[in-house]
Amino acid sequence: MEIAPYHLGFCATAQENELKALPIQGSIPQWLTGSLIRTGPGTLKVGQQSYHHWFDGLAMLRKFSFKDGQVCFANRFLKSQAYQEAIAKGKISRGEFGTTARHSLLERLSDPLPRLTDNATVNITMQGECFTSVTESPFPIVFDPETLNTIEQFHYQDHVLGQITTAHPHFDYQENAVYSYLVNLVPRCSYSIYRMDAYSHQRQLISSVRVKQPAYMHTFAMTEHYLLLVEFPLFLSRLSLMFSGKPYIENYQWKPEKGTRFLIISKENGKVIHSAQSEPFFAFHHVNAFELDGEVIVDLVAYPDSSVIQSLYLESLLHQREQVIAAGELRRYHVPLNNAIADYEVLTSEPIELPRINYQRCNTHPYQFVYGVGSSESGNFIDQLVKVDVQNGTNQLWHSHDCYPGEPVFVAAPNAIFENEGIILSVVLNVQAENSFLLVLDAQSWNELARVKLPYHLPFDFHGQYFETLASTDRRQLHR
Ligand SMILES: [Fe+2]
């Protein structure tokens with residue numbers, strides 16, 4: 001069977017490396033003097049074994065550093081426990097999102113309880129004063145942002161319990177605090193919503209919402225006064241998780257008859273102040289949310305059901321047995337605070353994923369622009385960048401032959417007046433040249449400013465953040 005043209009994006013990087021002064025086609029703005037740090041799979045194989053899902057590979061950090069119009073690069077594997085065990089044993093050591101670890105009888109006897117993975121392959125966040133790589137198990141891995149060396153697992157100094165979390169916490173710039181949640185499965189299921197002051201290692205539990213079965217939620221939304229958990233009807237069976245032997249995500253069941261539930265939680269007192277229902281749908285990523293005229297407005301990337309998860313298994317991605325679903329529909333949900341029904345409008349006809357906004361300026365407020373990846377034709381893998389004007393429904397695209405771009409990170413220009421005054425940074429795989437490059441776009445004009453070329457390819461990654469400085473006290477660029 002024919003292999004997908006972008007298969008290199010799921011193949012391991014040749015090596016860990018540090019590269020000075022990469023070749024640049026075009027020019028980098030002189031004001032760009034920070035670092036883009038990203039995480040994602042560095043390899044999807046260990047010894048003779050392969051991971052099964054795109055979300056499973058062993059994490060590798062990547063860093064592009066900018067100074068005086070020049071760009072340096074480094075990539076290094078995250079030396080999590082999952083990574084170290086896998087390398088030592090030459091096989092997959094811990095179960096991941098779509099892969100189970102197979103243990104011998106001797107291994108099961110000597111270590112009978114399965115260990116949660118700490119393979120932090122999804123996003124980069126700040127915890128306390130630490131730079132961390134994170135995933136959906138609550139074990140952030142601290143790394144040195146200068147060298148990308150792994151330091152240790154982050155230690156919370158509290159007793160907030162949970163086994164599942166989100167890799168997309170929110171930062172409240174008014175309160176100078178992080179909001180996020182844990183899913184607690186024992187003794188009863190609940191969503192434990194917490195707040196953590198900047199620089200603190202202590203989470204303060206603000207709400208515990210009891211549920212029969214927790215839903216799979218990759219992100220949540222925040223407005224000025226509220227946190228929103230949108231429960232898509234993909235529910236976890238604890239019994240199945242304990243006894244089925246199936247990969248983690250396959251213990252969730254799609255129950256469309258339940259619809260989707262919007263839970264609105266007060267940041268001030270942790271109470272669920274409103275609950276609304278809509279038709280069933282699924283989403284990984286929220287885009288933004290804000291309060292307007294007695295409604296909570298929630299923008300997100302929606303799919304009709306959870307089959308997108310199946311579509312992102314490597315077998316499906318690489319052999320294109322069916323049409324690939326890798327981007328969804330940008331929807332705006334209206335959740336009236338005096339009505340139990342949520343309704344939506346579609347903001348653009350362009351498929352979109354990995355959405356980013358000018359977060360520091362716009363999160364929790366009305367806004368105009370969303371940036372994301374997309375598909376140029378239905379059934380294609382991600383092969384273009386999209387900029388959507390959500391106020392008038394227009395969009396702009398970036399597409400280049402044989403090129404597959406990653407998440408577009410917006411970086412505001414110094415003293416910017418306009419929301420889109422800044423640049424977009426996206427790591428692009430060029431399958432013809434068999435390498436990757438960092439694409440720099442002017443976010444306002446959508447003109448290409450530069451391509452910064454790497455001598456080798458990087459596997460497709462997920463999320464990253466731009467930091468103006470790597471000083472641990474600088475939180476100005478804490479995005480989601
Ligand atoms: Fe994500």
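Here are legends for several close-up views of this structure, which is a predicted model.

View 1. Let's start with an open sheet of five strands in the order 1-7-6-3-36, paired antiparallel. Strand 1 (17-19) and strand 36 (463-467) are the edge strands, and each of them pairs on one side only. From one strand to the next, the twist averages 15°. Look for the spot where strand 3 (residues 35-43) meets strand 36: five bridges hold this antiparallel pair. Which residue of strand 36 stands opposite leucine 36? That's tyrosine 466.

**View 2. Helix 1 and its buried side.** Helix 1 covers residues 81-89, and its buried residues are Ala82, Tyr83 and Ala86. Why do these three end up on the same side of helix 1? Because they cover an arc of only 100° around the axis. What do they pack against? The buried residues of helix 1 sit against strand 4 (45-46), strand 6 (58-67) and strand 7 (70-77). Just after the helix, keep an eye out for glycine 90, which has a positive phi of about 70°.

View 3. Zoom in on strand 9 (residues 130-134) and strand 10 (residues 141-143), which run antiparallel and are joined by two bridges. Threonine 132 has valine 142 of strand 10 as its bridge partner.

**View 4. Leucine 182, up close.** You'll find leucine 182 in strand 14 (residues 177-184). Is leucine 182 buried or exposed? Leucine 182 counts as buried, because 21 C-beta neighbours lie inside 10 Å and the cut-off for buried is 20 or more. Beyond its neighbours within four places in sequence, leucine 182 has contacts that include Pro138, Val160, Gly162 and Ser192.

View 5. Histidine 334 has 18 C-beta neighbours inside 10 Å, so it counts as partly exposed. Setting aside neighbours within four places in sequence, histidine 334 is in contact with Glu295, Ile297, Ala342, Asp343 and Tyr344. Proline 145 is another story: its C-alpha atom is separated from that of histidine 334 by 40 Å.

**View 6. Strand 32 and its partner.** In strand 32 (residues 409-412), Val409 and Val411 point one way while Phe410 and Ala412 point the other way, and all are buried. Strand 32 runs antiparallel to strand 33 (residues 422-430), and four bridges join the two. How do such strands pair in general? Strands of a sheet pair through backbone hydrogen bonds. To find one of the bridges here, look at alanine 412, whose bridge partner in strand 33 is glycine 422.

**View 7. Inside the largest nonpolar core.** The largest nonpolar core has 134 residues. Which of them touch the most other members? They are Leu228, Leu229, Phe232, Val298, Leu425 and Leu438. Now pick out leucine 438: leaving aside neighbours within four places in sequence, leucine 438 is in contact with Phe64, Val71, Leu425, Val427 and Val452.

How values were computed. Residues numbered from 1 in each chain as written. Predicted model: local features only at pLDDT ≥ 70, side-chain atom pairs only at ≥ 80, totals over all residues. Buried ≥ 20, exposed ≤ 12 C-beta atoms within 10 Å, placed from the backbone. Contact = placed C-beta atoms within 7 Å. Pairing = 2+ DSSP bridges. Core = buried A, V, L, I, M, F, W, Y, C linked by C-beta atoms within 7 Å. Axes fitted to C-alpha atoms, helices over the stretch in contact; angles between N-to-C directions. Arc of directions from axis to C-beta.
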